[in-house]
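Please look through the sequence and the structure shown here before reading on. The briefing that follows takes up a few places in turn and describes the surroundings of each.

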Amino acid sequence: MKIDTKCLYEGYTPANGEPRAIPIVQSTTFKYESSDAMGALFDLEAEGYFYSRLANPTCDMVAKRITALEGGYAGMLTSSGQAANFFAVFNICEAGDHFIASSAIYGGTYNLFGTTFKKMGIECTFVDPEVTEEELQAAFRPNTKCVFGETITNPTVQIFDIEMFARVAHKNGVPLIMDNTFATPINCRPIEWGCDIVTHSTTKYIDGHASSIGGCIVDSGNFDWDAHAEKFPGLTTPDESYHGIIYTKKFGKAAYITKATSQLMRDFGCSQSPQSAYYLSLGLESLAVRMERHCKNALAVAKYLQGHDKVEWVKYADLEGDKYHEAAKKYCPNGTCGVIAFAIKGDRKDAVTFMDSLKLISVITHVADAKSCIEHPASHTHRQLTDEELLQAGVDPKLIRLSIGIENVDDLIADLEQALQNI
Ligand SMILES: *Cc1c(COP(=O)(O)O)cnc(C)c1O
């Protein structure tokens, strides 16, 4: 199947007489005939469901669909994108460890890595996504456990050099984790470029309709944990909380995801509800069609803004001449996403006047769904960051993030035009 067909069918194949739509298994618990059968599940000796905090059939079907789209080996849903990024790193890092992250990432992830992980004894070094191989190499320490980046950075819409980061990570015996929220597997599949683990805030394009918070982790199954066993004791030495099983020995390519579900989900409980997973399955069905429209609309709007005399600059990698255009053609040949970054001439007051004048495009702390919305990171998502940190995260205080939806593009341009005239 081609990827747009997979969006409809992967993860669930109804048998004779079964429901066509993914069934919502709205049950916390699952019944077994004997206590031995239950016990075997608790020991991870048998496969099956026993409590929806750890795993649920509806969530698994949807996770399988996303895993198939990403070309991964195993996947899991989480309650949010934040939980996905937390688990993705914490599954292989513990107190005393260190990891490297691109500084151009979602504000919430930046806080999680820079502030909250520090309290847990895990240190993060942020590097500019534009680092050279030598500079990236210099950030490694003996206790570095992974490298993290965003395929298309939020909100600066830079295209990340996945191949280079993967090469350097692997040279140092650690995996590359990529947050692929903005590109979605329709427009970029990081695993094909050497990335090991992919995360998503499914809250964005995958849900697509601003209806439910969710996240996902997909493991390629490609990283050889045993080859660097001393770095990843959580995967390669006995887990006493499961009678001493060793994840890599028992689960092979599924070791990483099995540990995350059976250990982190058990203990932290950031599980997604089956109802939300069902909404995700609906979003996934139209993902390929929507991404095509998002990209087509966004390119038209980017060109319109670029030609406007009240606009100072526009960043959108699908625009010819954009700094990341070549990278976009390589990693996202069918288009990047619907998000544009731009700045208008004038001061902060003018930016606010412009945003408040919009009638169709709403000012919303969201991005990447069917309806167009706009946001000013310096006054919204990134407001916890000082100006210095903003600049370090590559966010120009003037940057306006415009998320282009699937409306008729003429209506969007008309709205932008009347608002720009208002300044
Ligand atoms: C929104 C977002 C997150 C956080 O996801 P939530 O679902 O809001 O928890 C993480 N990464 C990126 C790139 C995002 O846009």
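Is T58 buried or exposed? With a relative accessible area of 0%, T58 is buried, because buried means a value under 20%. The model is a predicted one, and the points below should be read with that in mind.

**Around T58**

- T58 is part of helix 3, which covers residues 57-70.
- A polar atom in the side chain of T58 lies 2.8 Å from the backbone oxygen of P23.
- When residues up to four places away in sequence are not counted, T58 touches I22, P23, I24 and V25, and also P274, A277 and Y278.

**Around A139**

- A139 is found in a loop, namely the one between helix 6 (133-138) and strand 4 (144-150).
- The relative accessible area of A139 is 12%, and because buried means under 20%, this residue counts as buried.
- Once its neighbours within four places in sequence are left aside, A139 is in contact with H98, I100, T125, V127 and T144.
- Although A139 and A101 are 38 residues apart in sequence, their C-alpha atoms are 10.0 Å apart in space.

- M1, L8 and Y9 together make a nonpolar surface patch of about 310 Å².
- One of these residues, L8, lies in helix 1, which is made of residues 3-9.

**Aromatic rings**

- A pair of aromatic rings is described by two quantities, the distance of the centres and the angle of the planes.
- The count of aromatic pairs in this model comes to 22.
- In the pair formed by F223 and F232, the ring centres are 5.8 Å apart and the planes stand at 85°, so the pair is edge-to-face, a term used for angles over 60 degrees.
- Both partners of this pair are buried, since F223 has a relative accessibility of 9% and F232 has one of 2%.
- Ring pairs also link F86, F87, F90, F99, F113, F117, F148 and F268 into a cluster.

Definitions and conventions:
Residues are numbered from 1 along each chain as its sequence is written. This is a predicted model: local features need pLDDT of at least 70, side-chain atom pairs count only at pLDDT 80 or more; totals for chains, interfaces and linings use all residues. Side-chain values use heavy atoms; hydrogens and water are left out. Helices (H or I, at least four residues) and strands (E, at least two) are DSSP runs, numbered from the N terminus. Buried means under 20% relative accessible area, exposed over 50%, partly exposed in between (1.4 Å probe, protein chains only). Contact means heavy atoms within 4.5 Å. Patches are made of residues with over 30% relative accessible area and no salt bridge: like charges are joined within 9 Å, nonpolar side chains (Val, Leu, Ile, Met, Phe, Trp, Tyr) within 5 Å. Accessible areas come from the Shrake-Rupley method with a 1.4 Å probe; for residues, only the protein chains shown count as cover. A salt bridge is a side-chain nitrogen of Lys or Arg within 4 Å of a carboxyl oxygen of Asp or Glu. A polar contact is a pair of N or O atoms within 3.5 Å; within protein, one must be able to donate a hydrogen and the other to accept it, and residues adjacent in sequence count only if both atoms are side-chain atoms. Rings of Phe, Tyr and Trp (its six-membered ring) pair if their centres lie within 6.5 Å; planes under 30 degrees apart count as stacked, over 60 as edge-to-face and the rest as tilted.
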